[in-house]
Amino acid sequence: MKQDVWIVTGVMTVVCFAIKAVGPVALGGRDLPRWGERLIVLLPAALLSALVVVQTFADGKALVLDARAAGLAAAMVAVALKASILVVLLVAAGTAAGLRTLT
Amino acid sequence: MSAIVFSGAAQFAVLAVLGAGGSVITAIVAATLVASRFLAIGVALGPSMRGGAVRRALEGQAVVDASLILARTGEARYGVRRLIGATLPQYLGWFAGTVGGVVAGESIPDPEALGLDALFPAFFLVLVWTELGDRAARVTAIVATLIAVVLIPIAPPGIPVIAASLAVLAGRMVQR
């Protein structure tokens with residue numbers, strides 16, 4: 001087990017380096033055509049939305065509705081009320097924690 | 001691992017697989033899938049980088065999820081110095097937190113009881129909220145959400161996020 005961890009760590013060091021290097025090496029130093037820029041502008045919205053969904057509703061391969069969803073709903077209210085980021089995070093964690101103490 | 005892999009999602013994937021008694025190969029495949037979204041993020045940041053290929057490859061290592069917003073200087077432009085400046089404190093914090101967890105992990109309460117797992121989606125929510133100013137971005141976000149929800153139960157972890165980057169094509173159709 002202990003040895004496995006080090007093997008995986010070694011391999012992932014190389015793999016992660018490669019994954020993060022591909023974009024910059026392939027596309028660095030050149031100007032993309034206009035259509036390429038227009039797609040890249042939209043990438044943050046796509047990736048971050050998907051991350052919100054996965055971090056809230058995924059438990060491995062299962063879709064679940066737990067205290068994290070309540071935390072996210074409360075965070076949405078806080079964001080809509082233009083709360084600062086620290087307040088939003090506290091509201092999310094507090095809601096999830098509160099719900100877990102009750103249930 | 002926090003010092004040299006620096007992808008929280010990939011690290012958690014490894015722990016989940018090995019912790020459940022999975023094989024080394026399974027752990028590597030799972031972590032690679034989860035880290036695959038950095039391909040898309042690298043594509044977004046790549047055109048903003050100058051200098052030789054080695055330098056760009058090294059600069060690319062500073063990329064984390066939040067870089068998509070924090071290092072942005074213009075519509076499709078990113079500042080490399082901003083990127084590194086925003087990531088360095090995160091790297092130190094991540095590393096210090098890992099060491100702290102190893103040293104004091106036994107004595108702290110269950111992180112879920114404190115609602116700490118609800119911090120991640122809330123943080124990404126704050127970041128994505130600033131993106132939703134125009135219709136194309138909102139359509140992209142909605143389609144990405146749908147792709148992720150549909151794929152979570154049927155695809156291995158990691159695939160839903162990288163597949164959701166295809167939502168930019170839907171956004172492009174309503175872009176002016």
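Start in chain A, in the loop between α3 and α4, and select A:Lys82. Helices here are DSSP runs of H or I with at least four residues, strands are E runs of at least two, and both are numbered from the N terminus. A:Lys82 is not a glycine, yet its phi is positive, about 60°. Most residues other than glycine have a negative phi. Is A:Lys82 buried or exposed? A:Lys82 is exposed, because 9 other C-beta atoms lie within 10 Å. The cut-offs are these: 20 or more other C-beta atoms within 10 Å make a residue buried, 12 or fewer make it exposed, and anything in between is partly exposed, with C-beta atoms placed from the backbone.

A word on the model before moving on. It is predicted: local features need pLDDT of at least 70, side-chain atom pairs count only at pLDDT 80 or more, and totals for chains, interfaces and linings use all residues. Residues are numbered from 1 along each chain as its sequence is written, while chains are lettered from A and ligands numbered from 1 in the order in which they are written.

**Stop 1: all of chain A**

Select chain A. It has 4 helices and 2 strands. Their order along the sequence is α-α-β-β-α-α. The C-alpha trace spans about 50 × 50 × 25 Å along its principal axes. What radius of gyration does chain A have? Chain A has 20 Å, but a compact globule of 103 residues would have one near 13 Å. That radius is taken over C-alpha atoms, and the globule rule is 2.2 Å times the number of residues to the power 0.38. Of the 103 residues in chain A, 46% are buried.

**Stop 2: where the chains touch**

Now show both chains. The contact takes 68 residues from chain A and 80 residues from chain B. Two residues are in contact if their C-beta atoms, placed from the backbone, lie within 7 Å. On chain A's side, α1, α2, β2 (62-63), α3 (67-80) and α4 (85-102) each supply at least two residues. Which element gives the most? α2(A) does, with 21 residues. By class, the side of chain A that touches chain B has 47 nonpolar, 12 polar and 9 charged residues. Ala, Val, Leu, Ile, Met, Phe, Trp, Tyr, Cys and Pro count as nonpolar, Asp, Glu, Lys and Arg as charged, and the others, Gly among them, as polar.

**Stop 3: a helix pair across the chains**

Two packed helices are described by the angle between their axes and the distance between the axes. The crossing is right-handed, meaning that the near helix is turned clockwise from the far one by less than a right angle. Show side chains at the contact: A:Leu42, A:Ala46 and A:Val53 are among those from α2(A), and B:Ala137, B:Thr140 and B:Ile147 are among those from α8(B). This contact has 13 nonpolar, 3 polar and no charged residues.

**Stop 4: all of chain B**

Select chain B. It has 10 helices and 0 strands. The C-alpha trace spans about 55 × 40 × 35 Å along its principal axes. With 176 residues, a compact globule would have a radius of gyration near 16 Å, and the 18 Å of chain B agrees. Buried residues make up 45% of chain B.

**Stop 5: α3 and α4 of chain B**

Select α3 (37-45) of chain B. α3(B) is mostly covered, with 8 of its 9 residues buried. B:Phe38, B:Ile41 and B:Val43 are among them. Next select α4 (residues 53-60), where B:Arg56, B:Ala57, B:Glu59 and B:Gly60 are buried. They cover an arc of only 165° around the axis, which puts them on the same side of α4(B). The arc is that of the directions from the helix axis to the C-beta atoms. The buried residues of α4(B) pack against α1 (2-27) of chain A, and against α3 and α6 (80-104) of chain B.

**Last stop: α10 of chain B**

Go to α10(B), where B:Ala167, B:Val168 and B:Gly171 are buried. Their arc is only 100° around the axis, which puts them on the same side of α10(B). These buried residues pack against α2 of chain A, together with α8 and α9 (159-164) of chain B. Now pick B:Leu169, also in α10 (residues 167-174). B:Leu169 is partly exposed, because 13 other C-beta atoms lie within 10 Å. Finish with a distance: the C-alpha atoms of B:Leu169 and B:Gly85 are separated by 31 Å, and the two residues are 84 apart along the chain.
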